[in-house]
Amino acid sequence: MLQDHFAKHITGEAKQIEALCNLFTPLKIKKKDYLLRQGEVCRFEAYITKGLLRTYHIDRNGNEQVLFFGAEDWWVTDFDSFMNQAPSRLYIQALEDSELLVITPEEKRYAFEHIPITERLFRLMTLRTHIALQRRMIDALSKTAEERYLDFFTQYPHIARRLTNIQVAAYLGVTHEFVSKIRRKLVN
């Protein structure tokens, strides 16, 4: 699965892709368990082969603010903590029993030094992540909550139907009552 994911970005490099994939270690995580907690140093980048996770922050008022959800064929990490080996400001929690393929900072450094396609692959994937975050920020600033809700369900139906109203609300930055109201309105 990871080899197929990398092959979508880089073609004709099967041996290098296989060498890179061999650096990843399988990890299973149970529903409600944490992959990362605020204050811990992130020692992984993880590719999700099965399951659903959420990355979130708790604001000064104690409210959860979901940055993103990660499902099959997505990546999850705290880039800041991973790259700088500094304490995380985020939580990463499994919403379902999940299976991941994990690479450590040391393994990733080895890949950059010994597997030439690594830099190109991770640069392309980082750019895609940056574009997605930029679009999310623009939408948060320029669209109504109802428009953001509809966009989320249109773009990510495979994720949206696996979430509770409270989880969707934390992602959209609205109350779960508001999400319930929109869902009722759309059903009618």
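This is a predicted model: local features need pLDDT of at least 70, side-chain atom pairs count only at pLDDT 80 or more; totals for chains, interfaces and linings use all residues.
UniProt, in an unreviewed entry, places a "domain: Cyclic nucleotide-binding" feature at residues 28-107.

Searching the whole structure gives 16 aromatic pairs. One of them joins Phe 69 and Tyr 171: the ring centres are 5.5 Å apart and the planes meet at 40°, so this pair counts as tilted. Where do the two partners sit? Phe 69 belongs to strand S5 (residues 64-71) and Tyr 171 to helix H8 (residues 165-172), so the pair ties together parts that are 102 residues apart in sequence.

From here, follow the chain to a pair of helices. Two packed helices are described by the angle between their axes and the distance between the axes. For helix H6 (residues 145-155) and helix H9 (residues 176-187), the axes come within 11 Å and cross at roughly 70°. Angles of 65 to 115 degrees count as roughly perpendicular, and H6 and H9 are therefore roughly perpendicular to each other. Their crossing is right-handed.

Which residues make the contact? On the H6 side they are Ala 145, Glu 146, Tyr 149, Leu 150 and Phe 153, while H9 contributes Phe 178, Val 179, Ile 182, Arg 183, Lys 185 and Leu 186.

Note on methods
Residues are numbered from 1 along each chain as its sequence is written. Side-chain values use heavy atoms; hydrogens and water are left out. Axes are lines fitted to C-alpha atoms, for helices over the stretch in contact, and angles run from 0 to 180 degrees between N-to-C directions. Helices (H or I, at least four residues) and strands (E, at least two) are DSSP runs, numbered from the N terminus. Angles under 35 degrees count as roughly parallel, over 145 as roughly antiparallel, 65 to 115 as roughly perpendicular and the rest as oblique. A crossing is left-handed if the near helix is turned anticlockwise from the far one by less than a right angle, and right-handed if clockwise. Contact means heavy atoms within 4.5 Å. UniProt positions are given in the numbering used here, feature names are shortened, and annotations may be inferred rather than shown by experiment. Rings of Phe, Tyr and Trp (its six-membered ring) pair if their centres lie within 6.5 Å; planes under 30 degrees apart count as stacked, over 60 as edge-to-face and the rest as tilted.
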